Amino acid sequence: MKTNDPLSGVKSRVLKVPAYSLHAYEAEIKLNQNENPFDFPADLKEEVFRRFRVREWSRYPDFVPDSVRKLLADFAGWRKDGVLVGNGSNELLQAALMVLVDNGTKVGIPAPTFTVYGLIASILGAEIIPIPLDPDMRYNVDEILSGSAGAGAGVLILNTPNNPTGSVISNDDLKRVLEEFPGHVLLDEAYFEFWGHTALELLEEYPRLIITRTFSKAMGMAGLRVGYLLADEALVSEISKAKLPYNVNQFSLTAAEVAVENRERFRPAIEAVLKERGRLGRELGGIPGIKVYPSEANFFLIEVPVDPRLLFGDLYRQGILIRDVSSYPMLSKCLRISVGTRGENDRLLSALRAAVGRRMPGGPEGARESI
Ligand SMILES: Cc1ncc(COP(=O)(O)O)c(C=O)c1O
């Protein structure tokens with residue numbers, strides 16, 4: 001019988017997963033997406049425009065953007081044929097999972113972590129094995145091994161530094177995981193520049209390791225959507241089958257080219273974020289009732305003494321947007337705050353101090369709403 005239900009035929013596993021969507025809040029101070037508070041340098045933007053202007057817009061970009069791959073290979077210290085360029089690192093993560101995950105494949109995913117992993121894997125039919133972090137939000141290698149090797153997983157996803165906790169996994173621990181887990185390990189290094197460490201040195205010895213990185217954070221290019229993947233050449237050629245042709249547009253490729261050629265120009269912004277991270281962490285930790293989890297990334301996870309949703313709203317009404325992560329596993333009392341400029345962080349700190357003081361038991365709006 002004919003049905004007009006637009007959802008009939010949509011896979012049930014797709015209907016089951018919650019959409020990954022961000023409400024489009026407008027705010028003067030944006031500390032909700034772990035972006036770089038310092039924009040792409042203005043003179044380098046001009047250089048991108050200069051190069052892009054003379055390129056033919058009527059032509060497709062390169063099928064395989066070889067010159068950018070070569071630049072990225074030198075930049076990362078890996079072989080060109082082991083590099084894949086994507087429309088953001090999320091696209092590459094999706095392509096890798098499309099190649100590795102079949103209906104019923106078990107995929108180990110830390111909890112809590114970046115929600116996109118679970119979303120893509122679930123749509124592909126994976127059985128998700130959540131790997132809980134410690135109560136202090138650190139990776140626990142024994143838990144990782146029981147959620148991967150022990151659970152018969154085919155794929156393990158790890159994020160270091162981990163969003164939203166800021167915690168990391170050392171190369172020694174990762175090596176132990178790679179020794180004992182026989183499947184593929186997808187390591188998302190989106191924030192590695194803020195940590196200053198990478199697992200790249202393990203790629204040669206462990207060709208089941210896949211590293212993804214992005215230009216969206218330290219390189220200040222979130223709006224242009226460029227990411228890259230580093231892996232064994234044979235694996236890269238399989239993963240490239242799952243990505244759409246011409247996936248990265250000519251403009252973004254040009255910007256990536258300019259960014260890589262001028263990589264040293266991005267250091268001062270990274271240094272400024274790191275300096276502010278130290279200060280912001282100390283100041284947040286000094287607010288009564290707030291617990292700050294140590295972070296190696298450009299954001300902090302904080303546990304707050306009152307309902308985080310109320311604090312989120314208090315800050316938002318003052319033009320400060322942070323991330324309410326209270327619906328994530330283990331984070332019902334938590335918020336995530338990106339490190340901004342010094343001025344932005346000052347505004348955040350004073351608004352947060354005031355809001356917590358007001359809502360704490362004993363404060364003017366206390367008791368009733370505290371959790
Ligand atoms: C852990 C992690 N990976 C990847 C991304 C997104 O990367 P891209 O912009 O390259 O798709 C984010 C963005 O917030 C992230 O937190």
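Around the ligand, the shell residues split into 3 nonpolar, 9 polar and 1 charged. Here Ala, Val, Leu, Ile, Met, Phe, Trp, Tyr, Cys and Pro count as nonpolar, Asp, Glu, Lys and Arg as charged, and the others, Gly among them, as polar. That shell holds 13 residues, with G88, S89, N90, T214 and S216 the closest; a residue is near the ligand if its C-beta atom, placed from the backbone, lies within 6 Å of it.

A quick note on what you're looking at: this is a predicted model, where local features need pLDDT of at least 70, side-chain atom pairs count only at pLDDT 80 or more, and totals for chains, interfaces and linings use all residues. Residues are numbered from 1 along each chain as its sequence is written.

Now to strand β5 (residues 155–159): 5 of its 5 residues are buried, so the rest of the structure largely encloses it. Buried means 20 or more other C-beta atoms within 10 Å of a residue's own, with C-beta atoms placed from the backbone. Side chains in a regular strand alternate between the two faces of the sheet. In β5, V155, I157 and N159 are buried on one side, and L156 and L158 are buried on the other.

Here's how the strands (DSSP runs of E, at least two residues, numbered from the N terminus) pair up, which takes at least two DSSP bridges:

| Pair | Direction | Bridges |
|---|---|---|
| β3 (residues 106–111) and β5 | parallel | 2 bridges |
| β5 and β6 (residues 184–188) | parallel | 5 bridges |
| β3 and β4 (residues 127–132) | parallel | 6 bridges |

Zooming in, V107 has V155 of β5 as its bridge partner, and I157 is partnered by L186 in β6.

How values were computed: Buried ≥ 20, exposed ≤ 12 C-beta atoms within 10 Å, placed from the backbone. Helix = DSSP H or I, 4+ residues; strand = E, 2+ residues; numbered from the N terminus.
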